[in-house]
Number of protein chains: 2
Amino acid sequence: MEIAWIGTGIMGAPMARRLLKAGHHLRVFNRTPERARRLADDGAALASGAAGAVDGAEIIFIMVPDTPDVERVIGNIEPSLARGQLVLDMSTIAPESERRTAAKLAALGIDYLDAPVSGGETGAIEGTLTIMVGGSEAPFNRARPLLQLLGKRITYMGPSGAGQTTKLANQIAVALTLEATAEALLFASRGGLDPATVLDAIGAGAAASWQLSNLGPKIIAQDYRPGFFVKLIRKDLRLVAEAAAQNDLALPGLKMMTSMFNATAAIGHDLDGTQALADALLRIATMK
Amino acid sequence: MEIAWIGTGIMGAPMARRLLKAGHHLRVFNRTPERARRLADDGAALASGAAGAVDGAEIIFIMVPDTPDVERVIGNIEPSLARGQLVLDMSTIAPESERRTAAKLAALGIDYLDAPVSGGETGAIEGTLTIMVGGSEAPFNRARPLLQLLGKRITYMGPSGAGQTTKLANQIAVALTLEATAEALLFASRGGLDPATVLDAIGAGAAASWQLSNLGPKIIAQDYRPGFFVKLIRKDLRLVAEAAAQNDLALPGLKMMTSMFNATAAIGHDLDGTQALADALLRIATMK
């Protein structure tokens, strides 16, 4: 299939590579051209602009950092889009923005899906991402064979924006479950316990979580190398807060986690992994 | 083996029953005698007081609600205890209290272990509890064959009080992970999503947890029947707060969860399951 891929960062590049390896023809564009160039070795054609990438593509993928980035891409490619094309945004951005874009493109006869992912760089490389899709069902079914090359659990969530809302719900749970892990381990260490033994003792019961099992050991080792950047969860929680406010919802845990991750960034961890939260917690919880 | 069992409530009764079924001789006592009487059908002898239960027992189990309850039992049985007996407290109480009791009994030649459990009534019935043990290793090894009749994951955590500290760390994680679940589901519902589909979409990735998988469906069904009482997690979080303060630790998530579960109790859910937190969250988050 002829595919356009816009955005070849830490997530976009390995995802695009999986489509290439499956035999699809990709025309790629990235704002920082060096990053796109590496995909040329795997057979991708390089476009000199977002608009140039979409010409002749059946499906156009977008994977960029934030709401304004997606809106800029849409603005750039819109004049070049043709009736019948499908645009599929896999970035994590505001649900409201996706709904506006979907309506705008629908008027031009162009399908639009929001399909954000969870699972990080490893999931992108291995094709085991969780993909949450919003939009109409017909284009979802059209895109599904490609999504199956990228992810393991692919769920149709409802109308436009529903994929993003699901992803944001996921991020609330991720953030608070990480706090659960960090506070439990700090309490245990200060209480004189070996935290690794604690992980082992409590890791299979009612306290069990992905965060505890996967980030708990990194917290104990003070290994803050990024799986998922603090900077990005801060962006995601900002999107949650905006969407929550639009729905007249004041979530106490979300508010706390926004402050905790801001503190994590403030002490120099913005480009570290989210587990660096444990360092901020240690400093905050033991401050006299 | 000759065993004394003190405390035959919702947890203690099924645990004692498992020891009986394995062929051990139990002499049981409960403050409310009717509850102990049911165990007589399974072959337990009934004692008229805690002191009467311990006479001739090799190991004495205690399973009562709170710190003062354990201390009262210890005060009652102490004059009747004999050198070489092992007292094993499976209640969830203050680590500090266990350390004091262990020291007091050690001076009399009596071993003492704190061995709180996680896993609820189902775990007690099925013998799949998580058991976290503090005390000396020799009595732990002596008690282990009996603990294996009660639990699946049995971990020696360190000196006296270490079992309780582990259990309290577990409860911090449980409380915050439940908040993660409740906030994610509320955000999703208010955003127009079907929460059951959300559980399915996010339940296997970085947001995955025991609380999400097990209590998420109950939250969606507004099924607040108790697996684990709000009243008891409030007691446990009070113990966490006391132990944290002793270690000069101010945990923001713990503080929030104490308020959240107090709110849950205040609106009438103290004798419901912890998942009733979602009802308090709904009211708090949508209050104008």
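Buried area is the accessible area (1.4 Å probe) that two parts lose on being put together, summed over both.

## Basis

This is a predicted model, in which local features need pLDDT of at least 70 and side-chain atom pairs count only at pLDDT 80 or more, while totals for chains, interfaces and linings use all residues. Residues are numbered from 1 along each chain as its sequence is written, chains are lettered from A in the order in which they are written, and side-chain values use heavy atoms, without hydrogens and water.

## Domains of chain A

An automatic or database domain assignment divides chain A into domain 1 (2-159) and domain 2 (165-285). Their centres, taken over C-alpha atoms, are 29 Å apart.

About 1,100 Å² is buried between domain 1 and domain 2 of chain A, 59% of it from carbon and sulfur atoms. On the domain 1 side, A:T92, A:P95 and A:M132 supply 39% of the area, more than any other three residues. Between these domains there is 1 salt bridge (a side-chain nitrogen of Lys or Arg within 4 Å of a carboxyl oxygen of Asp or Glu). A:D66 and A:R238 form a salt bridge through their side chains, at 2.7 Å from N to O.

## Chain A against chain B

Chain A places 58 residues in contact (heavy atoms within 4.5 Å) with 58 residues of chain B. The two chains bury about 5,000 Å² between them, with 68% of it on carbon and sulfur atoms. A:E183, A:F187 and A:A206 supply 14% of what chain A buries there, more than any other three residues.

The count between the chains is 4 salt bridges. The side chains of A:D200 and B:R153 form a salt bridge at 3.9 Å, N to O.
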